[in-house]
Amino acid sequence: MAVEIEMRARFDKETHSGLMDRLRKDGEDLGDDAKHIYFYVLPEQLLKVTDNTAAGTAKITLKGSKIGQGAAFSETEFAIAREDVPAAVKVFNALGFESAMHEAFNFRHNFRFQGVEIALKWSEAWGYHAEFEVLLDDGASDAARDEASAQIVDVAFELGVTLMSEQELADFAATFEAAEQERKAREAQAAPIR
């Protein structure tokens, strides 16, 4: 288990392109990391089944909080075979999580810049965005967590990116979740009766 310090930013296509150019020039290019993700938004956690299409790997991840509940949270993950992704989704759905499940494809390219991992991303729900992350050991002190948060803020500032506040993240997540539930309800009403 580890502690992840993660912050996010949303921006337009031009900002995304500028960041890509800057990070290719000044950062360490960690490569393409496109993913097909099945994520379950639970009351206090986020459960994900990830098919990393770019790397040819897959994993299950449990995050100890969901978006908008703080930048620091525990994260437990383990690798599974890519061919087991459908079975993992089937198991979680059968356990009663299907109504909380969303599916998305993320185009993603990873970099490391001044000790911060940055994933430049595009998805249908988020548009162009980035995740700024520092991974710490599970027993990291509050001071280490604060230092990692400050490091992310400094890197975002240097790159000219405005990070989303926790309230902005919570509002965005709530709006997305409400829209998804409405979409699912419409699909259920439109489905033929069997």
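**Notes on a predicted model**

1. Let's start with the rings: this predicted model holds 5 aromatic pairs. One of them joins Tyr-40 and Phe-92 in an edge-to-face arrangement, with 5.8 Å from centre to centre and 70° between the planes. Tyr-40 belongs to strand S3 (residues 35-41) and Phe-92 to helix H2 (residues 85-97), so this pair ties together parts that are 52 residues apart in sequence. Both Tyr-40 and Phe-92 are buried. Ring pairs also bring in Phe-97, linking Tyr-40, Phe-92 and Phe-97 into a cluster.

2. Now turn to helix H3, which runs over residues 142-158 and has 17 residues. From its first C-alpha to its last, H3 reaches 24 Å, close to the 24 Å expected at 1.5 Å a residue. Which residues of H3 are buried? They are Ala-148, Ile-152, Val-155 and Ala-156. These residues cover an arc of only 100° around the axis, which means that they are on the same side of H3.

3. What lies over that buried side, and what is on the opposite face? The cover of the buried residues of H3 includes strands S1 (2-10), S7 (101-113), S8 (116-123) and S9 (127-137). The face of H3 turned away from the buried side carries the exposed residues Asp-142, Ala-143, Asp-146, Glu-147, Asp-154 and Phe-157. After H3 comes Gly-160, with a positive phi near 75°.

4. Next, a backbone detail to check. Gln-114 is not a glycine, yet its phi is positive, at about 50°. Most residues other than glycine have a negative phi. You will find Gln-114 in the loop between S7 and S8. Is Gln-114 buried, exposed or partly exposed? With a relative accessible area of 48%, Gln-114 is partly exposed.

5. Finally, look at the nonpolar cores. The largest has 24 residues, and Ile-118, Leu-120, Phe-132, Leu-159 and Val-161 touch the most other members. The elements giving two or more residues to this core are S1, helix H1 (13-26), S7, S8, S9 and H3. Another core, of 14 residues, lies apart from it, and its members include Leu-42, Leu-47, Ile-60 and Ile-80.

How values were computed. Residues are numbered from 1 along each chain as its sequence is written. This is a predicted model: local features need pLDDT of at least 70, side-chain atom pairs count only at pLDDT 80 or more; totals for chains, interfaces and linings use all residues. Side-chain values use heavy atoms; hydrogens and water are left out. Helices (H or I, at least four residues) and strands (E, at least two) are DSSP runs, numbered from the N terminus. The expected span of a helix is 1.5 Å times one less than its number of residues. Buried means under 20% relative accessible area, exposed over 50%, partly exposed in between (1.4 Å probe, protein chains only). The arc is that of the directions from the helix axis to the C-beta atoms. Contact means heavy atoms within 4.5 Å. Rings of Phe, Tyr and Trp (its six-membered ring) pair if their centres lie within 6.5 Å; planes under 30 degrees apart count as stacked, over 60 as edge-to-face and the rest as tilted. A nonpolar core is a set of buried Ala, Val, Leu, Ile, Met, Phe, Trp, Tyr and Cys residues joined through side-chain atoms within 4.5 Å.
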